[in-house]
Amino acid sequence: MKLAARVEGIGAIGPGFTGWPQAREILLGGAWPEACATVPPAPERLPAAERRRVGRNVRVALAAGFEAVAASGRDARDCAAVFTSSSSDGDNCHVICEVLASADRQISPTRFHNSVHNAPGGYWGIATGSMKAADSLCAFDGSPTAGLLEAGARLAHRPDEPVILVAHDAPYPEPLNALRPLPDAIAFAFAMAGGPGGGTGVRLELTDEAPTTLTDPRLEALRHQLPSARLLPLLRLLARGEPGRVVLAYLDGLSLAVELGP
């Protein structure tokens, strides 16, 4: 069985790119900027109090989501959302672990509510005013592919309700980083819709084929280092703007084939 959808807008932020136009240029063979560290912007659509409190994980997720929905021309309040991350907020997790290991175990409520896995989805609702469902998924390294499947399944069930898919990751501080090394923060987003209309048609199908690799060594290294970067083969195909087929890594022995139409 194949799931069908349309990609109407894309968002991207990561090491060397602050939006889809820059990411697209890199994917098409352009030069990487010298300063490659991800610079998460302040989420200006959040109220000032919330804006001060959010960490880089929420910032990259919202930045990519805002860009994708703006490119689609839709109102975020009309869209369901799917946020997917392999680990979510490592900085707050680290601080909470430090507090629990100390003599004073009083955890800040702000720290706690920012540490939960669905914090980006909650801030998305605050920033956009959306009352639609905002799911939060985790499937370890398979998280971005799980998100694509969830978005496709949602559109199969309700083709009249667009979906914003956001895949995001951010690194842990030491000593957690030694056990779960993620070199930088990154996020990609797709504004997706069902039924007829504009955008690029995609079909999703589970397979046991080997994942598509990238010829650019830096992009291929990024694909291995950051779970959300498993989407790079699909993004490269979308950057080219032509029909084709790629296979994305998912779970052990299972991948997701994505076929692009015109």
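Here "buried" means under 20% relative accessible area, "exposed" means over 50%, and "partly exposed" covers what lies in between. The views below all come from a predicted model.

**View 1. Ser-87 sits in a loop and is buried.** The loop in question runs between β2 (80–84) and α4 (90–100), and Ser-87 is found there. With a relative accessible area of 13%, Ser-87 falls under the 20% cut-off, so it counts as buried. Which residues does Ser-87 touch, leaving aside those up to four places away in sequence? The contacts are His-117, Asp-169, Ala-170, Tyr-172 and Leu-182.

View 2. Glu-8 has a relative accessible area of 19%, just under the 20% cut-off for buried. Arg-6 is buried too, at 8%. As a reminder, side chains of opposite charge can pair when their charged atoms come close.

**View 3. Lys-132 and Glu-161 pair up across distant parts of the chain.** Their side chains meet in a salt bridge, at 3.3 Å from N to O. The two partners are 29 residues apart: Lys-132 is in the loop between α6 (119–128) and β3 (134–137), while Glu-161 is in the loop between α7 (143–157) and β4 (163–169). Buried or partly exposed, what is Lys-132? Lys-132 is partly exposed, at 34% relative accessibility. Glu-161, on the other hand, is buried, at 9%.

View 4. The N to O distance here is 3.8 Å, which still makes the pair a salt bridge because the cut-off is 4 Å. Elsewhere, Lys-2, Glu-205 and Glu-259 belong to one network, joined by salt bridges that share partners.

View 5. How many cavities of 30 Å³ or more does the model have? The count is 1. The largest cavity has a volume of about 40 Å³. Around it are Phe-17, Ala-23, Ile-26, Leu-27, Trp-32, Phe-188, Leu-219 and Leu-232. Sorted by class, that lining has 8 nonpolar residues, with no polar and no charged ones. Helix α1 (residues 20–27) gives the most to it, with 3 residues.

View 6. Cys-93 itself is partly exposed, at 31% relative accessibility. Cys-138 is in no disulfide either; its nearest cysteine sulfur is that of Cys-93, 12 Å away. For the model as a whole, the disulfide count is 0.

Key:
Residues are numbered from 1 along each chain as its sequence is written. This is a predicted model: local features need pLDDT of at least 70, side-chain atom pairs count only at pLDDT 80 or more; totals for chains, interfaces and linings use all residues. Side-chain values use heavy atoms; hydrogens and water are left out. Buried means under 20% relative accessible area, exposed over 50%, partly exposed in between (1.4 Å probe, protein chains only). Helices (H or I, at least four residues) and strands (E, at least two) are DSSP runs, numbered from the N terminus. Contact means heavy atoms within 4.5 Å. On a 1 Å grid over the protein atoms alone, a cavity is a set of points where a 1.4 Å probe fits but cannot get out, and a pocket is an open set with protein on both sides within 12 Å along at least five of seven lines; lining residues have an atom within 4 Å of a point. Grid points are joined across faces, edges and corners, and a volume is the space filled by probe spheres set on the points. Ala, Val, Leu, Ile, Met, Phe, Trp, Tyr, Cys and Pro count as nonpolar, Asp, Glu, Lys and Arg as charged, and the others, Gly among them, as polar. A disulfide is a pair of cysteine sulfur atoms within 2.5 Å.
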